[in-house]
Amino acid sequence: MRKKRLLFVYPSSYDKENRLIKSKKSFVPSRTLPYLAALTPNRYETSIIDELVDSLNFDEEIDLVAITGMLSHIPRAIDIAREFKKRGIPSIIGGVGAFALQEMIEKSGVFDCLVIGEVDRSWEAILDDFDHGRLKRRYECTDHPELAALPMARFDLLNRKKYIRAFSDWRNPVIPIETSRGCPHNCDFCFVTRYFGKRMRYRPIDEVVEEIKYHGAKFILFTDDNIAINPKRARELFLALKPLKIQWMGQFESGVVRYPELLRLASESGCRTAFVGVESLVSDNLYSVNKSHSAKVDFKDIVKGFKEAGIDLFSSLIFGMDNDTQDVIKQTVEEMIKSNVDAIIPWIFTPGPGTPCYNEQKTDKRLIHENYSLYDYWHVVAEPKQMTSNELTKSFWQGLKRFYSLRSILLRAWRGKQWSMSWFLCSFYFRHQVHKGLHPFSGSA
Ligand code: B12
Ligand code: SF4
């Protein structure tokens, strides 16, 4: 008997002119679909389309489509499901984007099933329902499963040539690995606590090590939202990573600089880049979105902490919060240059549906439109308080261009004695993206 065919799709999204965004290469593969493919029982034959870089053939002979995505991918996901529906092929959607836009998805009527939450322990049962013709319209998997004994993600199903390579590992794309889920902080603009819960859940460290060895990759992106939130566990993890001789990037909260020994150990275990959600240098902004824990750490100490540990600091910023003016944005960028930050990743304040920020902006009638393709965190979707939306857009791009100007790159390299080839390649890649009018983290390359 032929195996059932299950196609996993990560949709691309539409640009301002409603054109589908395509790219020759992508920045980093998503973990979601290779992981879901690994959770899928053997009676299915699985394949993955990452629509940003792969082409989708609606006439392929398949039995079921499973779609994921972030907020900005959902309008495209709906169009994809509609095309498959026309051909009689059923589809299931899940993930953080579907969680944010559940009403829109249900109203569209094109999906056979919407799954809310983490499916690590329920995917098999959902597929069993599908096999027996009793698939429900909606599953709520909100019990936050423990993370032991997870299967190895199926990165072999991706067209690996489509992803850019790290300088230190030309043979493999960057491989995303998760070691924990959850976040106790619950900031008002973020989905992580809402979706994954306040309680931290950890994968057993030996299983993380086993998965890294299994993929044989030498450059890892840890998907944890704060890899060092529990210093004791982080120490154990970093000690276990050391013998693997990998390089890795991860997200840290700014408070980690209170543990210089831990940061040194992270560096010794291969940490090259830290993404830190600095968000704003204006503490009132941080208090207004319930991110006060970041306001308690001085920015100079953050820079010093990571520099001393030998880890590149990528400072994530949000522009357009209520206390931001054009001058504040300009001064923030100048401060980043002055402090020799290795990269900035600025985002435009975006109230995602389902978050307190969204409810507030909707009540105050500040949402400019509800074209969710543009809720990609680099288009203005809500009226800022102290400038016009055009001024915010202008300041955002001016800030990016200024930070990634030739002068700023060379100045920061010289002052910070930053002469590594990977740093230069990364800075010039970001510069190239900005000059093409693309956000450095837009996904395309
Ligand atoms: C790694 C990561 C990235 C990477 C890789 C992106 C990628 N395509 O995977 C990079 C750095 C490129 C990135 C960029 C951005 N990201 Co990001 N990212 C993450 C992060 C930290 C981990 C994602 C991950 O791999 N998780 C592990 C997998 C296994 O979990 P999962 O996808 O949720 O899947 C589970 C369930 O959701 C469910 N599921 C998921 N899909 C489906 C589908 C079906 C059919 C079913 C049944 C179940 C199911 O099953 C899985 C197992 O339980 C998440 C936060 C988080 N902790 O998840 C943010 C997150 C996804 N990112 C987010 C955002 C906003 C962005 C950016 C816009 C930048 C920004 N402002 O933060 C850009 C967008 C770039 C782009 N256009 O793609 C938001 C999305 C919010 C939303 N509702 O859309 C998140 C949730 C963080 C947040 N602060 O809220 N990101
Ligand atoms: S922004 Fe960071 S600290 Fe705040 S809830 Fe999200 S993951 Fe946690």
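Trainee: How do the residues of the shell around ligand 2 divide into nonpolar, polar and charged?

Mentor: The model is predicted. In it, the shell around ligand 2 comprises 4 nonpolar, 4 polar and 3 charged residues. Cys183, His185, Asn186, Cys187, Cys190, Val192, Thr193, Asp225, Glu253, Gly277 and Lys291 surround the ligand.

Trainee: Which residues come nearest to ligand 1?

Mentor: Ser30, Thr68, Met70, Gly94 and Gly95 come nearest, out of 38 residues around ligand 1. Two or more residues of this shell are given by each of helix H1 (32-39), strand S3 (64-67), strand S4 (91-93), helix H3 (96-100) and helix H6 (192-196). By class, the shell around ligand 1 holds 22 nonpolar, 10 polar and 6 charged residues.

Trainee: From which domains does the shell around ligand 1 draw at least three residues?

Mentor: Domain 1 (4-141) and domain 2 (165-435) each supply at least three residues to the shell around ligand 1.

Trainee: Which residues make the contact of H8 with H9?

Mentor: H8 contributes Pro231, Ala234, Arg235 and Phe238, while H9 contributes Leu262, Leu265 and Ala266. By class, this contact of H8 with H9 has 6 nonpolar residues, no polar residues and 1 charged residue.

Note on methods
Residues numbered from 1 in each chain as written. Chains lettered and ligands numbered in written order. Predicted model: local features only at pLDDT ≥ 70, side-chain atom pairs only at ≥ 80, totals over all residues. Contact = placed C-beta atoms within 7 Å. Helix = DSSP H or I, 4+ residues; strand = E, 2+ residues; numbered from the N terminus. Nonpolar A, V, L, I, M, F, W, Y, C, P; charged D, E, K, R; others polar. Near = placed C-beta within 6 Å. Domains from an automatic or database assignment.
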